[in-house]
Each structure stands twice: as C-alpha cells, then as structure tokens.
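At each stop, select what is named before reading on.

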Amino acid sequence: MVSASSLSHISLSLSSSPFLHKPKFHYPTKNNLHFNPKLVSFSTTRKIYATSSHVMNPSPSKTHSAVPTTVDVDLGDRSYPIYIGSGLLDQPHLLQRHVHGRRVLVVTNTTVAPLYLDKVVHALTTENQNVSVESVILPDGEQYKDMDTLMKVFHKAIESRLDRRSTFVALGGGVIGDMCGFAAASFLRGINFIQIPTTVMAQVDSSVGGKTGINHRLGKNLIGAFYQPQCVLIDTDTLNTLPERELASGFAEVIKYGLIRDAEFFEWQEKNMHALMARDPNALAYAIKRSCENKAEVVSLDEKESGLRATLNLGHTFGHAIETGVGYGQWLHGEAVAAGTVMAVDMSYRLGWIDDSIVKRVGDILKQAKLPTSPPETVTIDTFKSVMAVDKKVADGLLRLILLKGPLGNCVFTGDYDRKTLDDTLRAFCKS
Ligand SMILES: NC(=O)c1ccc[n+]([C@@H]2O[C@H](COP(=O)([O-])OP(=O)(O)OC[C@H]3O[C@@H](n4cnc5c(N)ncnc54)[C@H](O)[C@@H]3O)[C@@H](O)[C@H]2O)c1
Ligand SMILES: [Zn+2]
C-alpha cells in the first residue's frame, strides 16, 4: 500500500533533473491524435463533439505555420472556435471576423495592459477604420473579482456608449475572463464577447465553456452566468511573459484532463513535461489544443454541469479546502488542485479502485511540474472537514467526489465510498 507519507517523500532528484537538458519535444504520433475519452460512470457511447482542424506541423521549427489550430466547441447555435497558435495576435482577421458592431471595449488589468493591450487594439483596428476601441484597465488580483470592479466595466461601457451590437474583449487570465464574461452576459442583457486568455490556466480551462462570474465575500464564483463567447483566441506567445509559478499552476489542470479522461495525453505529458516547463512553443500548443479538445467535449455534452462536467473538478474539493485553509491568494489555484489531486488519488487507491503505479505516476508528474504533492501543514483535518462539510454530508451520502477508478484515464463522480477511507486519507496528509 502506498501511504501518503511515502508519496510526499518522492522528491525530484537534481542530478536527473530534466531542466538541465535541452528540452526535447516528443511529437504526437498519428495514432494518439485521436484521443480516447472514457468515463466509467457517464458514457457508454462516445461521440466526438470537439473537432480540430489543422494538425500541428510535426517539424521542429519555431516558425510554425500562420494557420492556427482550431478546436470547435459544438453547442448548436452557440458554437464557437478556439484558435490556438503562435503569433495569432498579429493576424487581425482572426479577431475582426468575430467583432460585432462598431464599438469594442477591451477589459484587461494593470499587469497585462502594458504587455499586450496595444497589440490587441492594433489587431482590432488595422485596416478596419469602422471600429472604435475603448479599454478599461482593472486592478490585478483575485480580490478584485467583485461587484465594485465589475461596475467599473459597466461604467466604462455606458460612458463609451456601447450598444447591444458592441463587443467586449477579455484580455488576461481567468480573473479577467470570468469578470468580462459576466459583464458581457449582463450588459444590456447580453452582448458579444471574445476571450483572449493569457495564462495557461485561462488557455486550457477558464476561457472555454462559458462559466463566468465574480466572487462574493462569503464564497468564490457565487454570482455569475453561463455565457459563451464568440471565439477564444489563444496566442501562445503571451505565455513567454508569464511568471513560472503561474505557468506551473496551469499545468495542474492539463494533468487533470489526462487523469480523468485521456490516458494517452497523460502519457504524452510524462514524456514532455520538461518541454512544457521550458515553454517549448510546440509542446505548449499541443498541450493547450488537447486540453481544449477535452474541455470542449465535456462542455458540449454537459454545458450546465448536470453530471459529466463535474468530473473537471478532480482534486478541486480537497483543493478548495486548501485554498480556504491557507487563506485565498497564498496558494495559487493550480497548486491547491495539485495537492488535492494527490489526495483524491490516494483515496482512490485506498478504496482499491486504482493500482499503485498510478499513484506513483501522479506524484512524479506533479513534481516534474514543480507543483506541491501534499497540503500545507497548517491545514488541519478539521479545516478539511468543515470546508468539505464532510460530517453532515457524507452521513447523507451527499459529499460526492471525483475519484479515479480502473485503468489510467477513468474517473467516477460518486458519493458511494466508505466514509472511513476519506478519514484515512485526511489523517495521512494532515495533523489533526
Ligand atoms: N470559468 C471557469 O471555468 C474557470 C475555470 C478555472 C479557473 N477560473 C477562474 O480563473 C481565475 C484564475 O485564473 P488565472 O490563474 O489565470 O489567474 P489570474 O487571472 O489572476 O492571472 C494570474 C496572474 O498572471 C498575470 N498575467 C496574466 N497573463 C499574463 C501574461 N501573459 N504575462 C504576465 N502576467 C500575466 C495576471 O495579471 C495575474 O497577476 C480564478 O478566479 C478562477 O476562479 C474559472
Ligand atoms: Zn480548476
């Protein structure tokens, strides 16, 4: 049996550190481009809803084609493309074809604006004299994902006389994307919007799927709407300025897709995590594409989260307790998810649902991504229990968790597990 303590002692040996070598990107084989999602408890027949055009050119050149990879999110009349590639902000037509009306408001923050705002305004206006572009630059941070800051967006939109045929553009990470999306959903009862995500977290997760919203002081993301963009434009070059901790945090969600539904992708990540950490543009583009395909497919099957979409929360119930326990902002979301994933995997193993090789592989890949594999000591069992509301809900069979079950790439969303096993996992990872 692999105990939690042995897990937390798997350490990255410096002598074998992949970072000492020039990153080598392992190109996907023709075979593994056709991923094979399996969901133990949800799908019997498989239908591919997310389709990609233009498979990445497997020649290792940095000047990869100007043609973006496109992943389509299939939601009937609310379908939209996700464009992925290097240099896409230098291709004005990609953005311009999704702008409705003559007025555009770019919503960004004080960190991202100096880096990319000019480029985006240029892309929107070049050879396009009919469009007027305004911007609103919000303070940076999760603590500003609130009603007061949202009002600044509305204020600017009203002042700039935006009408129902105008377009909002979200330029930034998940905080900006969530907030701008909610502003677009509610301004004049809904106007067009475009996502230009600039963090890994936003490019592989938050910009896709239409969950938008803000925080309330009593809880995260409690006020919001499901609202889909016109398109998502992912210029992978924007990741060059992202701090390393933010980069790694996003990889926690990439790893999640492999674990819950795409074993081949997980295996690819095991071979290419060093290239991802070194920001190899081709490796990044491939990981983002495959993550978007997985997310798009889940969202197409279950847009409003009646079941399947919940599997995207692997590690998030434990992770949320960690984020709350250490205080928001201390650990990045992906860091908490990483430690939470290790706990969910440990619990799956204790239940006898997965074998120990998966436990080890999860610990190893998270360490390669320089992500934590156990919660901070300050988060106690009591904190976990109160945040997870274990005492009451598990007795009622209501605390449902995403756990791994079966071979790599399979998961279940279930409340049907032995309560003692959850206690054992909590005891293994924290002080009482
Ligand atoms: N809607 C969804 O489905 C969904 C899914 C996951 C997360 N989220 C939300 O996303 C948020 C987290 O997103 P995040 O991790 O992107 O955090 P973030 O938006 O706070 O961005 C992280 C930091 O990176 C900076 N930054 C952004 N792009 C940069 C760039 N290219 N170069 C340099 N710095 C850059 C930001 O200004 C910020 O300081 C949370 O609010 C979370 O609730 C939403
Ligand atoms: Zn997440």
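Select glutamate 305, which counts as partly exposed because its relative accessibility is 27%; here buried means under 20% relative accessible area, exposed means over 50%, and partly exposed lies in between, with a 1.4 Å probe and protein chains only. Glutamate 305 sits in the loop between helix H9 (281-301) and H10, where helices (H or I, at least four residues) and strands (E, at least two) are DSSP runs numbered from the N terminus. Its phi is near 60°, a positive value in a residue other than glycine. Most residues other than glycine have a negative phi.

Before going on, note that this is a predicted model, in which local features need pLDDT of at least 70 and side-chain atom pairs count only at pLDDT 80 or more, while totals for chains, interfaces and linings use all residues. Residues are numbered from 1 along each chain as its sequence is written, chains are lettered from A and ligands numbered from 1 in the order in which they are written, and side-chain values use heavy atoms, with hydrogens and water left out.

Now select leucine 188, in the loop between H5 and strand E7 (192-197), which has a positive phi of about 50° although it is not a glycine. With a relative accessible area of 33%, leucine 188 is partly exposed. Moving along to strand E7 itself, select asparagine 192, which is buried, with a relative accessible area of 14%.

**The zinc ion**

Which residues coordinate the zinc ion (ligand 2)? Select Glu253 (OE), His316 (NE2) and His333 (NE2), which coordinate the zinc ion at 2.0 to 2.1 Å. Donors are N, O and S atoms within 2.8 Å of the metal (3.2 Å for Na, K and Ca), and because water is not among the atoms, sites may look incomplete. Along the chain, the donors of the zinc ion follow the spacing E-x62-H-x16-H. Glutamate 253 in helix H7 (residues 244-261) and histidine 316 in helix H10 (residues 316-326) are 63 residues apart, so that the pair links distant parts of the chain. Glutamate 253 counts as buried, at 0% relative accessibility, and histidine 316 also counts as buried, at 15%.

**Ligand 1**

Next, select ligand 1 together with the 26 residues around it, of which Asp140, Glu142, Thr198, Thr199 and Thr241 come nearest; a residue is near a molecule if one of its heavy atoms lies within 4 Å of it. A polar side-chain atom of glutamate 142 lies 2.7 Å from an oxygen atom of ligand 1. A nitrogen atom of ligand 1 is 3.0 Å from an N or O atom in the side chain of aspartate 178, and a nitrogen atom of the ligand is 2.7 Å from an N or O atom in the side chain of threonine 241. The protein covers 88% of the 860 Å² of accessible area that ligand 1 has on its own, an area that comes from the Shrake-Rupley method with a 1.4 Å probe. To see which elements give two or more residues to this shell, colour helix H3 (113-125), helix H5 (174-186), helix H6 (200-206) and strand E9 (219-226).

**Two polar contacts**

Select threonine 238, found in the loop between strand E10 (231-235) and H7, which counts as buried at 3% relative accessibility. Its side chain makes a polar contact of 3.3 Å with the side chain of glutamine 203. A polar contact is a pair of N or O atoms within 3.5 Å; within protein, one must be able to donate a hydrogen and the other to accept it, and residues adjacent in sequence count only if both atoms are side-chain atoms.

For the last stop, select arginine 427 in helix H15 (residues 419-429). Is arginine 427 buried or exposed? Arginine 427 is exposed, because its relative accessible area is 52%. A polar contact of 2.8 Å joins its side chain to that of aspartate 424.
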